[in-house]
Amino acid sequence: MTEEFKNELVNAGVDYNGAVERFIGSEEIYEQFLYRFTEDKNLMQLEEFLAKGDINTAFKRAHTLKGLSGNYGFNKMYEATVPVVEILRKGSAEGIEEPLKKLKEINSLICNIINKYKDI
């Protein structure tokens, strides 16, 4: 992984060093998992289940995304996921628009950074 890639991740709110520690101290393994993250469907499924009114399954997708973002060291994304999870935990989607919008923006930023370096 290049220093430029690391710096962009860190500037996007990623705890790079903490995440690498969780990936048995291996930058290579962490990088491989980063590329897999861009293919994760939890956010898309969260939106689909919200559109269907299936709050319980939307909650499960949001909770999974919260765990993934924590493990990957995506601190800003984790922080953006928490209010989405808590709203859905109450069994309603009332007030979810703004927190979901913020989550999508941060997810997009991180995925764009990762994709930029995917084939380098």
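**Aromatic pairs and helix packing in the predicted model**

A search of the whole structure turns up nine aromatic pairs, a pair being two rings of Phe, Tyr or Trp (its six-membered ring) with centres within 6.5 Å. The model is a predicted one, so local features need pLDDT of at least 70 and side-chain atom pairs count only at pLDDT 80 or more, while totals for chains, interfaces and linings use all residues. Residues are numbered from 1 along each chain as its sequence is written, and side-chain values use heavy atoms, with hydrogens and water left out.

Take Phe5 and Tyr117 to begin with. Their ring centres are 4.6 Å apart and their planes sit at 15°, so this pair is stacked; planes under 30 degrees apart count as stacked, over 60 as edge-to-face and the rest as tilted. The pair ties together distant parts of the chain, with Phe5 in helix 1 (residues 3-11) and Tyr117 in helix 7 (residues 97-117), 112 residues apart. Helices here are DSSP runs (H or I, at least four residues), numbered from the N terminus. Both Phe5 and Tyr117 are buried, where buried means under 20% relative accessible area, exposed over 50% and partly exposed in between (1.4 Å probe, protein chains only).

Tyr72 and Phe74 make another stacked pair, at 5.3 Å centre to centre and 25° between the planes. Tyr72 and Phe74 are buried as well. They also belong to a cluster held together by ring pairs, along with Tyr16, Phe23, Tyr30, Phe33 and Phe37. One ring of that cluster, Phe33, has Arg36 over its face, 4.6 Å from the ring centre; a charge sits over a ring if NZ of Lys or CZ of Arg is within 6 Å of the ring centre and within 35 degrees of the ring normal.

As for how the helices pack, helix 1 and helix 7 meet at an angle of about 175°, with their axes 10 Å apart. That angle makes helix 1 roughly antiparallel to helix 7. The axes are lines fitted to C-alpha atoms, for helices over the stretch in contact, and angles run from 0 to 180 degrees between N-to-C directions. Angles under 35 degrees count as roughly parallel, over 145 as roughly antiparallel, 65 to 115 as roughly perpendicular and the rest as oblique. Glu4, Phe5, Glu8 and Leu9 of helix 1 make the contact with Ile113, Ile114, Lys116 and Tyr117 of helix 7, contact being heavy atoms within 4.5 Å.

Phe5, with a relative accessible area of 1%, counts as buried. Setting aside residues up to four places away in sequence, Phe5 touches Glu31, Leu34, Tyr35, Ile113, Ile114 and Tyr117. One of these partners, Ile114, is 109 residues from Phe5 in sequence, with 7.9 Å between the C-alpha atoms.

Helix 7 also packs against helix 3 (residues 27-37): the two axes come within 9 Å and cross at roughly 120°. This makes helix 3 oblique to helix 7. Here Leu34, Tyr35 and Phe37 in helix 3 meet Asn107, Cys111, Ile114 and Tyr117 in helix 7. Another residue of helix 7 is Ile110, buried at a relative accessible area of 1%. Beyond its neighbours within four places in sequence, Ile110 is in contact with Phe74 and Met77.

Phe74 and Met77 turn up again around Ser69, which also touches Tyr78 and Thr81, not counting residues up to four places away in sequence. Ser69 lies in helix 5 (residues 55-71) and is buried, with a relative accessible area of 0%. Lys60, also found in helix 5, is partly exposed at 43% relative accessible area. From Lys60 to Leu88 is 28 residues in sequence and 9.0 Å in space, C-alpha to C-alpha.

Asn42 lies in helix 4 (residues 42-52) and, at 8% relative accessibility, counts as buried. Its contacts, leaving aside neighbours within four places in sequence, are Arg61, Thr64, Leu65 and Leu68.

Ile24, in the loop between helix 2 (16-22) and helix 3, has a phi near 45°, a positive value in a residue other than glycine. Ile24 is exposed, with a relative accessible area of 72%.

Note on methods
Helix = DSSP H or I, 4+ residues; strand = E, 2+ residues; numbered from the N terminus.
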